[in-house]
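Hi there,

Here is the structure I promised to pass on. Please have a look, and then read on for my notes.

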Amino acid sequence: MSTYLPFARTEARTNYLNADYGWKSWLFTTDHKRIALLYLFSITAFFFVGGAFAVGMRVNLLTPEGIFAHDTYNKLFTMHGIIMVFFFLVPSIPATLGNFLVPLMIGARDLAFPRINLLSWYLYMIGGAIALTAIVKGGVDTGWTFYAPFSSTYSNTHVILTAIGVFVSGFSSILTGLNFIVTIHTMRAPGMTWGRLPLFVWGHYATSLIQVLGTPVIAITLVLLGLERVLHAGIFDPAVGGDPVLFQHLFWFYSHPAVYIMILPGMAVISEIIPCFSRKALFGYTFVAISSIAIAVLGFLVWGHHLFVAGQSMYASMVFSLLSFLVAIPSAIKVFNWTATMYKGSISYETPMLYAFGFIGLFTIGGLTGLFLATLAIDVHVTDTYFVIAHFHYIMVGGMVMAYLGGIHFWFPKISGRMYPEGWARFAALIVFVGFNLTFFPQFILGYQGMPRRYAHYPPEFQVLNVMSTAGASILAVGYLLPIIYLGWAWRKGPKAPQNPWNAKGLEWEQSPTPPPTYNFETQPVVTEPAYNYSGESEEVGIG
Amino acid sequence: MGDSEATLAVHEPGLKHHFDDSAQQFQSSTLGMWVFLVTELMFFGGMFGGYTVYRNMYPDAFASTSHFMNVPIGAINTGVLIFSSFTMVMAVRSAQLGQKKVLIAFLIFTLLLGCLFLTLKYVEYHEKWVDHHIPGPGFQYADTRYFHQAQILFFLYFAMTGMHAIHMIVGVGMLIVLISMAARNRFTQAWYTPVEMIGLYWHFVDIVWIFLFPLLYLIGHTK
Ligand code: HEM
Ligand SMILES: [Cu+2]
């Protein structure tokens with residue numbers, strides 16, 4: 001503390017945005033807030049690239065015969081999945097909001113390893129550039145799951161290049177997770193005990209555990225895949241004694257936990273928004289905190305539910321099925337606690353809260369249909385159909401992307417120092433909600449009726465629901481474009497934000513200026529109360 | 001980075017501006033390194049998993065391939081690495097005591113042992129190349145019953161020892177950096193974190209080999 005850097009208080013306060021200008025001050029920055037913005041702009045770009053492929057697919061599915069050749073369609077859904085999962089959703093909240101807020105929320109001046117943080121962004125960009133190169137050169141058609149032996153032996157598209165791109169960006173994810181874990185352990189301000197950590201930080205801690213433990217496994221899996229594709233030794237090729245199911249095990253050992261990388265940060269955001277706009281402490285803080293860790297741990301034990309029809313032993317499937325049901329418990333704890341927080345709260349309906357409502361409803365649907373899929377007999381019927389597509393889009397898009405947008409709006413004043421136009425923002429949130437449901441709800445029905453995923457053509461009786469879905473997708477697209485426009489406008493022209501526009505609790509609002517200075521705080525923050533102390537009680541509240 | 005800023009605020013050597021004190025910084029570096037080693041463990045873990053699956057699937061083919069492993073070289077290399085772990089520990093210890101010359105000597109010693117390991121590894125790989133035991137189009141195997149299975153097992157052998165060798169090469173590179181830092185008087189008794197961290201990494205890479213050697217060379221060898 002004695003080493004605290006003093007800040008000159010001039011009338012035009014310097015903050016992290018105006019502290020320095022020029023491209024070098026951005027591309028060589030080690031300030032976690034600037035790196036967060038670098039990530040924000042790059043992942044937004046990738047989101048629209050991935051979205052463009054989705055538009056292609058939805059247009060193709062307007063008619064039973066489609067417009068694209070089968071090969072082209074295969075590439076569309078593959079590149080959509082790869083970009084959206086590895087280059088948008090995995091880094092989305094952690095690398096932007098997490099990067100920006102974790103140090104602010106725990107009262108630190110930066111992440112523990114600022115240069116590693118910058119390195120992680122460069123790795124992400126290099127990985128992204130490699131994947132985009134593969135796309136420009138003609139793309140890949142293996143599906144985002146890279147299943148062998150198609151990917152290792154038969155596909156004649158750019159599998160290796162894409163795998164290298166995913167491999168490299170995986171290290172950016174590992175480094176972010178490593179940085180968060182260390183920062184949360186060692187850099188908390190005086191008084192910021194584990195029991196007072198905002199749940200946003202708990203959620204990111206759990207996410208980081210998965211990133212650190214899971215991502216190396218997909219890395220080595222992709223290495224083996226690449227080697228096999230070059231050497232054709234047959235390690236994943238059943239024709240010569242290799243085991244393709246081994247590939248699936250290795251892949252899902254990462255990728256099931258990875259789906260929690262893609263939802264825990266969303267839950268983390270919601271846990272901040274709901275207390276603020278209900279003006280109440282979060283109900284059952286301890287349970288919500290522990291449930292994040294429980295999800296991270298259990299998430300590593302259920303990957304086999306992706307192999308129910310892959311020739312996995314029936315007994316293994318039964319165990320995986322049971323464990324998958326267990327994951328629902330910590331997820332449900334969160335949903336119940338959020339709703340209990342709102343009960344008798346004085347709720348207001350600002351945009352972040354609208355997104356939070358959307359999140360709770362859509363995540364619940366996605367989670368419950370996950371239980372359908374974890375049921376062996378039902379899964380045999382709906383696996384590889386649009387039911388699965390609808391399931392995970394309800395969680396990944398209905399849940400995570402909603403939480404991401406909610407978080408971007410909630411912390412927009414903090415990040416930019418300006419207010420966004422509330423009317424437009426509420427309107428866009430509504431459009432997103434309507435568009436989303438129209439896009440994906442029909443897919444539950446399609447899947448249940450037996451429409452398989454990953455086909456360019458379909459029988460004519462499925463057309464009505466597919467047209468509905470495409471119509472919904474165009475509404476959803478408008479909902480995603482609107483925030484780009486009004487947030488871009490507000491960044492330059494919006495009214496100046498006060499330090500704490502929502503009267504929210506938390507160090508980032510209460511003790512750091514808006515926008516924050518380069519080292520976040522003007523005086524060493526000290527924490528004297530539990531998180532979400534909206535009622536102003538000074539007593540520490542126990543469990544419940 | 002930020003040396004001028006750091007000296008402005010503090011006087012402790014090597015302390016970065018965003019940490020409160022050296023103790024916090026050291027704690028962070030150590031935890032960071034351990035977390036990194038956990039990721040490494042998972043990275044190799046994927047291959048050990050694949051190894052376990054195939055060993056259980058094809059025990060006979062496995063016994064057959066293990067006859068082509070060069071056990072003497074493997075054993076010597078095991079000794080070389082264990083010894084290099086010792087010299088690394090001594091390097092850390094001399095850094096602790098602030099003995100610059102001894103530190104450099106032990107780092108160079110460790111470096112040489114690392115290079116010796118890699119050289120012997122190269123000899124082994126070359127042998128495999130001559131015997132057409134490299135998986136791929138040129139692969140040949142005397143016992144035709146096991147042609148395909150042996151190829152998979154050699155694939156695993158090369159993937160696992162190759163990944164290990166890459167880690168050794170990275171380690172050797174980092175030792176060179178350490179030596180040059182030590183020569184430029186960058187370490188003091190109060191701050192020698194890089195030596196300690198690279199030390200951890202070096203031990204980890206050694207331990208991986210301690211598992212690779214019996215699993216790939218010894219098991220099934222007597223059958
Ligand atoms: C309550 C917890 C959950 C359960 C029980 C569950 C269950 C399942 C099951 C059994 C499948 C396999 C279906 C099949 O292929 O036949 C599946 C697929 C999937 N789930 Fe979940 N899930 C849950 C939560 C999530 C979450 C939180 C996400 C993402 C954020 C997610 C994303 C996915 C994805 C991406 C797939 C499909 C992967 C593919 O084959 O391409 N799930 N889920
Ligand atoms: Cu799963």
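How many salt bridges are there between chain B and chain A? The count is one, where a salt bridge is a side-chain nitrogen of Lys or Arg within 4 Å of a carboxyl oxygen of Asp or Glu. Before I go on, some housekeeping: this is a predicted model, in which local features need pLDDT of at least 70 and side-chain atom pairs count only at pLDDT 80 or more, while totals for chains, interfaces and linings use all residues. Residues are numbered from 1 along each chain as its sequence is written, chains are lettered from A and ligands numbered from 1 in the order in which they are written, and side-chain values use heavy atoms, with hydrogens and water left out.

**The interface**

The salt bridge pairs Asp20(B) with Arg109(A), with the closest N and O atoms 2.2 Å apart. Over all chains the structure holds eight salt bridges. The pair that crosses between chains runs from Asp20(B), in the loop between α1 and α2 of chain B, to Arg109(A), in the loop between α4 (92-106) and α5 (114-136) of chain A. Helices here are DSSP runs of H or I with at least four residues, strands are runs of E with at least two, and both are numbered from the N terminus.

The rule also finds 10 residue pairs in polar contact across the interface of chain B and chain A, both residues being at pLDDT 80 or more. A polar contact is a pair of N or O atoms within 3.5 Å; within protein, one must be able to donate a hydrogen and the other to accept it, and residues adjacent in sequence count only if both atoms are side-chain atoms. On the side of chain B that touches chain A, α1 (3-9), α2 (22-57) and α6 (147-183) each supply at least two residues. The largest share of that side, 18 residues, comes from α2(B). By class, the side has 23 nonpolar, 13 polar and three charged residues (Ala, Val, Leu, Ile, Met, Phe, Trp, Tyr, Cys and Pro count as nonpolar, Asp, Glu, Lys and Arg as charged, and the others, Gly among them, as polar).

In total, 39 residues of chain B are in contact (heavy atoms within 4.5 Å) with 43 residues of chain A. The area buried between the two chains is about 3,500 Å², and carbon and sulfur atoms give 72% of it. Buried area is the accessible area (1.4 Å probe) that two parts lose on being put together, summed over both.

**Around ligand 1**

There are 20 residues around ligand 1, and Val259(A), Asp379(A), Thr383(A), His391(A) and Arg453(A) come nearest; a residue is near a molecule if one of its heavy atoms lies within 4 Å of it. Thr383(A) has a polar side-chain atom 2.5 Å from an oxygen atom of the ligand. For Arg453(A), an N or O atom of the side chain is 2.8 Å from an oxygen atom of ligand 1, whereas His391(A) places a polar side-chain atom 2.9 Å from a nitrogen atom of ligand 1.

The helices α9 (244-261), α13 (351-374) and α15 (386-416) of chain A each supply at least two residues of this shell, and α15(A) gives the largest share, five residues. The shell has 11 nonpolar, seven polar and two charged residues.

**Helices and backbone**

Chain B has seven helices and zero strands, and its C-alpha trace spans about 70 × 30 × 30 Å along its principal axes. At 1.5 Å times one less than the number of residues, the 37 residues of α6(B) should span 54 Å, which agrees with end C-alpha atoms 53 Å apart. After α6(B) comes Asn185(B), whose phi is positive, near 60 degrees.

In chain A, Asp31(A) caps the N-terminal end of α2(A), with a side-chain oxygen 2.8 Å from the backbone nitrogen of Lys33(A).

Two peptide bonds to check are cis: Ala148(A) to Pro149(A), with omega near 0 degrees, and Thr514(A) to Pro515(A), with omega near -15 degrees. Arg454(A), not a glycine, has a positive phi of about 65 degrees and lies in the loop between α16 (422-449) and α17 (463-493) of chain A.

Best wishes
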